[in-house]
Amino acid sequence: MIFFVSDMFTEQYKGGAELTTEAIIEEGLFPCNKILSQTLTVQTMEEYKDSFWIFGNFTGVRPECLLYAAKNLDYFVVEYDYKFCK
């Protein structure tokens, strides 16, 4: 199973990133679930740690979830915008 994590999906906003993500999900060959970044928990990540995770715009993800993902999940990040390092 694949999990997409993002701040918004097309259900919340019809922007370019959201429409692109929706096209990827719709055309994918595997079952996908959407999780709004602000609702993501470490418990959910632990429960589905053997799944593949895709993070889009994820400013709403809690720091402890990002740390868990980095250490325990198979994932990649889809970037639609430039990010500046602090």
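Analyst: A pair of aromatic rings is described by the distance of the centres and the angle of the planes. In this predicted model, there are 6 aromatic pairs. One of them joins Phe55 and Phe58: the ring centres lie 6.3 Å apart and the planes meet at 75°, so this pair is edge-to-face, the class for angles over 60 degrees.

User: Are Phe55 and Phe58 buried or partly exposed?

Analyst: Phe55 has a relative accessible area of 3% and is buried. Phe58, at 24%, is partly exposed, since the buried class ends under 20%.

User: How are the rings of Phe55 and Tyr75 arranged?

Analyst: Their centres are 5.9 Å apart and their planes stand at 90°, so this pair is edge-to-face. Phe55 belongs to strand 3 (residues 52–55) and Tyr75 to strand 4 (residues 74–77), so the contact ties together parts 20 residues apart in sequence. Tyr75 is partly exposed, with a relative accessible area of 37%.

User: Which residues form the aromatic cluster?

Analyst: Phe3, Tyr48, Trp53, Phe55, Phe58 and Tyr75 form one aromatic cluster.

User: In which sense do strand 1 and strand 2 pair, and over how many bridges?

Analyst: In a regular strand the side chains alternate between the two faces of the sheet. Here, strand 1 (residues 2–6) pairs with strand 2 (residues 32–36) in the parallel sense, over 5 bridges. Within this pairing, Val5 stands opposite Ile35 of strand 2.

Note on methods: Residues are numbered from 1 along each chain as its sequence is written. This is a predicted model: local features need pLDDT of at least 70, side-chain atom pairs count only at pLDDT 80 or more; totals for chains, interfaces and linings use all residues. Side-chain values use heavy atoms; hydrogens and water are left out. Two strands pair if DSSP finds at least two bridges between them. Helices (H or I, at least four residues) and strands (E, at least two) are DSSP runs, numbered from the N terminus. Rings of Phe, Tyr and Trp (its six-membered ring) pair if their centres lie within 6.5 Å; planes under 30 degrees apart count as stacked, over 60 as edge-to-face and the rest as tilted. Buried means under 20% relative accessible area, exposed over 50%, partly exposed in between (1.4 Å probe, protein chains only).
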